[in-house]
Each structure stands twice: as structure tokens, then as C-alpha cells.
Amino acid sequence: MNITINPGAATDDAAQIDSIVSQIENDMQVLDAAIKRNIPEGIQTSWSEVVRENWQTYYSADVPAAMEDMKLSAANLRLAVEQALRYDQEN
């Protein structure tokens, strides 16, 4: 079985994942600030309270978990490339 690794493309993909995750994290911080700034001060309804409560749950648990999973994917991609290149050099 042959494995073809394009190290440049794979590491570029990992860097793009890192960049995307960083942008999402920044955007989530902006969204978090907007929600906290506007609910309940600007929008005080029962549904807005539910939105804020749900957001706080997502932002404190689900969002960070998803971001860590994506970071791990980038790290695993880098590791796979390194190991494949090491294997190639040994054989």
C-alpha cells in the first residue's frame, strides 16, 4: 500500500484550521459581548432571557468544546504528516 503525503498542502490545511478557529473564537467573543450588553438592558422579554440563558450554556461549554475539537484536528493532521515523513525517511 502506498501513501502519498503532500506535506505543504497538509500543513497549510492545518494552518487554515487554526486560522478559522481563531476567527470563530474572536467572533464568538463579539457575539457574547453583544448579547450581554443588550439582554436584558436593551431587550427585556421572556424570550430574550431564554436566548441569553441558552447562549451562556453554549458559550461556556459547547462552543469551547467544539473549538478544542477543531484545534485537535489540526494538531492530529500535523502529527500525521510528521509521522508519515519520518516513516518515509526510515524506509
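Good morning. A search of the whole structure finds 4 salt bridges, a salt bridge being a side-chain nitrogen of Lys or Arg within 4 Å of a carboxyl oxygen of Asp or Glu. This is a predicted model, in which local features need pLDDT of at least 70 and side-chain atom pairs count only at pLDDT 80 or more, while totals for chains, interfaces and linings use all residues. Residues are numbered from 1 along each chain as its sequence is written, and side-chain values use heavy atoms, with hydrogens and water left out.

Let me begin with aspartate 18 and arginine 78, whose side chains meet in a salt bridge at 2.1 Å, N to O. This pair links distant parts of the chain, 60 residues apart: aspartate 18 lies in helix α1 (residues 7-38) and arginine 78 in helix α2 (residues 46-90). Helices here are DSSP runs of H or I, at least four residues, numbered from the N terminus. Aspartate 18 is partly exposed at 31% relative accessibility, and arginine 78 is partly exposed at 28%. Partly exposed lies between buried, under 20% relative accessible area, and exposed, over 50% (1.4 Å probe, protein chains only).

I turn now to lysine 71. Its side chain forms a salt bridge with that of glutamate 25 at 3.1 Å, N to O. Here glutamate 25 in helix α1 and lysine 71 in helix α2 are 46 residues apart, and the pair links distant parts of the chain.

Which residue of helix α2 lies about one turn from lysine 71? Glutamate 68 does, 3 residues apart from lysine 71, and the two side chains meet in a salt bridge at 3.4 Å, N to O.

Notes: Helices (H or I, at least four residues) and strands (E, at least two) are DSSP runs, numbered from the N terminus.
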